[in-house]
Structure formats: structure tokens, C-alpha cells
Amino acid sequence: MSTLRARELIINIPGRADGFALNMNVEPGQIWGVLGPNGAGKTTLLHTLAGLLPARSGQVVLNDSPLKEFKRRDIARQLGLVFQERQDTFPATVMETALIGRHPWLSPWESEQGEDQALAEQALTALDVDGLSGRLLNTLSGGERQRVAIATLMTQNPDIWLLDEPTNHLDLHHQVKVMNLLRNQAESGKAVFMCLHDLNMAARWCSHVLLLYTNGDACWGATESMLVPEALERLYNQRLISLEKDGLSVFVPAQ
Amino acid sequence: MALAAMMLALAMGSVTIPLPDLWQVIQGDGSALHRTLVWELRLPRAIAAFATGGLLAVAGALMQVLLRNPLADPYILGLSGGAAVGALLAMLAGMGALLVSGSAFAGAMLATMLVFGLAHGTGSWTPSRLLLTGVVVASGWGAVITLMLAITPSYKLPGMLYWLMGDVSYARTPWPAFVVLVVSIMLIMPLARNLNVLARGPMQAAALGVSVRPLEWAVYLLASLLTATAVTTAGSIGFVGLIVPHMLRLVLGNDQRIILPASVLAGGTLLVLADTLARTVIAPEQLPVGVITALLGVPMFLYLLHRSR
């Protein structure tokens, strides 16, 4: 079980004032949703939390030590990331792609064993792409590729899951399936932290929400306290209609 | 395949040795002429060709992963240009073969450092920046080579042109290339899975626990050393480094743990065959082997490119 902490963290968005420093703990069992308009720095925040980008100031703390003090391999055993954009210059099959998630767990001379194979198969099955395992990645649809990327993270099996818009390109059924999968992972002790564009998904599945404003302001807390229409309208600069149905809030943009 | 090609290389030449006789020579018998031909002329040459082909193919495979560009070859960063300028300078000064080789190696390493330093200058080190720097520096070397050829007295030209086209007969001894090949394969194999991850992009690789920067440096320097050794052994032989990894990827997929050793075998075999052809087509005259690999390589590459659309 690992905890990821932001301490006085200011992410480095070129040309933007410092804004509001982040102080938050992403604990096991929690599901965080980051909401904000395009360009607010959601992806930059995710990359900074993963130690892939330097912060402007403050630090990211993994358990009790600053992230900077870890080796990349040790970070990768505890923290994994699904990117919004992926590079596939070279052809690779779905199975090869999922197995790459085992990389931080294997020593240089080791190759993937039956156990790694089983983990990858399990992950591909959980995301309904097990039937595609022999297919080349570049022959898949966008939604299928997205699910393979999530299966790769599942195969990596870190304690902390960072995901950049995990429901991108997914059909409704698989959006729900992925969100339920993330909830199951959180219930088994993982910490989940993801960027989202869908307010209703955040309302339904996230335990915590971080609102990231274009000017660098930020606020965070438990979901029900954060998802108030006024704050969201200011966030997106867009009028909203909010409805109640069976105790669930539903947000729809007004014209 | 590789063994068969070696046998063929030993048997073929201005004097053809029938296979039964070759077998006798390998067992230590056979006529004195055949023994000399095989042990002192053809075997060292075949080993040199094999090692050079293997070096080039592995260097090409590494460069393609490093630059995330399947069209990269070992010379793409201008290394052969530096080596050629070094070698031609030595020839111009009338130095012996050993000094020509040494000078070529120095030129290759100088070219490597130059591109590395320039591309690395301000700290950012993206494949596209490295590629652009390399290509521009390479065309600079090209201009220097043309200039040197233009001012060279004509009796020295054939030797220089042969060197530029690549020719295994320059190989005095095959062992340095062979040793470098074996040692570097042993160094690179534990990194092969890291390279698989690196092929997915530097960010993804870092997220999966690869120390991207040190790995890229190591790959760049190793690939340069391999290429420099190959160029020193046999001049700049084109297309082996581009074609061989490319073909292997089409057949075997992109797992570097398979591609790298397969590159050694396939690159080596291809060059042994090409060199055997070069020696025999218009025997007793010899063609530079670079001509054969290019003649084979150009149509093969165009075909692959066409098919991949």
C-alpha cells in the first residue's frame, strides 16, 4: 500500500503564474478525479506526480521519501501511468504490449515467465481485449488501444494508478467497465488518480475531486463537497444545468 | 544459413574448390594450393565480411530504436562521412593501410562526438534534433569528400573510390571487428528488454522504470563504436544496417532480444554472400562489396516500403 503526497507542489506550466500550491494526499482506497478546462495543466500535473517532469517548486512524496530519491525502476514498481498519447513507431502485438508492464519487475537477464503471462492474460480479459492478443496494435481501433494501455498498467500492477483520461475513445459500456475496474482496484487497496472530462463520471465514481483552473488556482476535497454547480460553471466558464435522479447529481451543459 | 554461406565463401573464387576437397582442407588435408587459399585468403576475408555485416546490422537496429525511426541506418548521423574524410586524408598523404584504418576510426569517432556535442548543446536531446544535426553534419562531410576527390591526383582515385564504396579486401585482419562484435553483443543483450520499452517512447519507458537518458547515451556510443569498427574494417558499406533489421522486424516482430542476435547472423550472412559475389562475378577482377549490397539493397528496400503502405 503506497501513498502519494503533493507538498506545496507547483507544476511548471510555461508562462503561467504560480497559482495555488497543491497539498494533498492520495491514499490507498481513494479514487481521485482531476477536472479542468483544456490547458489547465491536468496532464502536466499527472506527469509531475509520476516524476517525469520537474516541478517548479515543492515536492512529490512517495510514502515517506521524496520521489526524486527513488530510482526509476523502484518508482515503476509502485506507481504506473496510462498516457493520453502513445507512440507506436514499431509494430507490436497486444500481448507484447501488455507484457511490457512486467518490465520493472524483471531483472535484465530474466524473461517473462508463465506467471507474467498469466497476469497479462488476466488484464487483457478484464478489459475485453483478450481475443485480440495476437493482433498488431496499429490494426486496432482507438478504443481498443485505450483498453490495451489500461491492461498494460494492470499488468504492471503498481500500488498507485495514474491515468490520463482513461475513458477516452471508449464506448459507453466500456467506459462503465473501466470505471468499475478502477473502483475494484481501489477497493483492493490501490490509489487511483485520473484526469477526466466527464463531470458525471467524476460524480459517480470518484471519492475525491481536484479542480484545476486555467490561472493555476486549484481546490480539492471529497467529491460531494466539490461538485457544486457554481464552482463547476466558473471552472469551465460554461453554464450548467444540474438534475437529481435517484440521489445522483447529473450535470448537463446549458446552451 | 550462416554456416552454409561461410562454406560457399570458402569454396568460391577465382579457383573453385569442390566441396569434397574443401572438406578435406577443413580436416587438415588437401593440396597445398587449396590450403593456402582457404586458410590464408578466404577464411580471414569471410570472417571479416561476417563480422562487418553483423556490426552494421546491429548498429542499424540500435540506431532505429534510439531515433524511434525505422528508416535510420548506422551512417545516418554522419559517422561514415567522418570516417571517409579520415581515410581519404591518410590515402592522400600516401600512408599505409594500417594508418588508413586508424585514421578512418579517428574520423568516425570525431564525427560521433561532433554530432553528439552539437545535438546535446543546450540540454534538450530529442531524436528529431539528433537526426537533424546528424543529417546536416553528414552533408557537410559529403562536401569535404567531394572536395578532396576533386583535388586528388587521378592515379590515387581508384583506391579512394573503392574505399568509399566499401570493400572487404581492405581488412588486414578480421579479429578486431570480430572481438568488438562479440563483446558488444554481450553488453547489449541484458539491455534488450530496456530497448523494447524505449521503442514505446521515452516517457512511457521512464514510466516503466527505464533510466532513459543513460540508456540513450549508452546505445548511441555503442552503436557508434560498432559502426566505426565496421567502417574501419571495410569502408562504408551501405544498406546492410538499414535493410537487415528492417527485414527481420517484418519477419520476427520487434522484440530486440530476438532482433539483435538475429541481426548479427543475418547481417553477417548477407555480407559474406555479397562479398563472395563481388569476388566471383567478374573474377579474377573484384567488385567493391558495397556495390553489391546497394544493388541488392535498393530494390529490396523499395519493395518493403511499397508493401508497408
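**Close-up views of a predicted model**

**View 1. Residues of helices α8 and α13 of chain B meet in this predicted model.** From α8(B), the residues B:L181, B:I185 and B:I188 are in contact with B:L260, B:P261 and B:V264 of α13(B). Six nonpolar residues make up this contact, with no polar and no charged residues.

**View 2. The axes of α8(B) and α13(B) cross.** Helix α8 of chain B spans residues 175-188, and helix α13 of chain B spans residues 256-280. Their axes come within 10 Å and cross at roughly 165°. Because angles over 145 degrees count as roughly antiparallel, α8(B) and α13(B) are roughly antiparallel to each other. The crossing of these two helices is left-handed.

**View 3. Chain B touches chain A.** To this contact, chain B gives 21 residues and chain A gives 23 residues. On the side of chain B, the elements that give two or more residues are α9 (192-198) and α10 (202-207). Helix α10(B) provides the largest share of that side, four residues.

**View 4. Four strands of chain A form an open sheet.** The strands follow the order β2-β1-β4-β5, and their pairing is antiparallel. At the edges stand β2 (22-26) and β5 (65-66) of chain A, each with a single partner strand, so one side of each is left without a neighbour in the sheet.

**View 5. Strands β1 and β2 of chain A pair in the antiparallel sense.** Strand β1(A), residues 4-10, is joined to β2(A) over four bridges. The bridge partner of A:L4 is A:V26, a residue in β2(A).

Notes:
Residues numbered from 1 in each chain as written. Chains lettered and ligands numbered in written order. Predicted model: local features only at pLDDT ≥ 70, side-chain atom pairs only at ≥ 80, totals over all residues. Axes fitted to C-alpha atoms, helices over the stretch in contact; angles between N-to-C directions. Parallel < 35°, antiparallel > 145°, perpendicular 65-115°, else oblique. Left-handed = near helix turned anticlockwise from the far one by under 90°. Contact = placed C-beta atoms within 7 Å. Nonpolar A, V, L, I, M, F, W, Y, C, P; charged D, E, K, R; others polar. Pairing = 2+ DSSP bridges.
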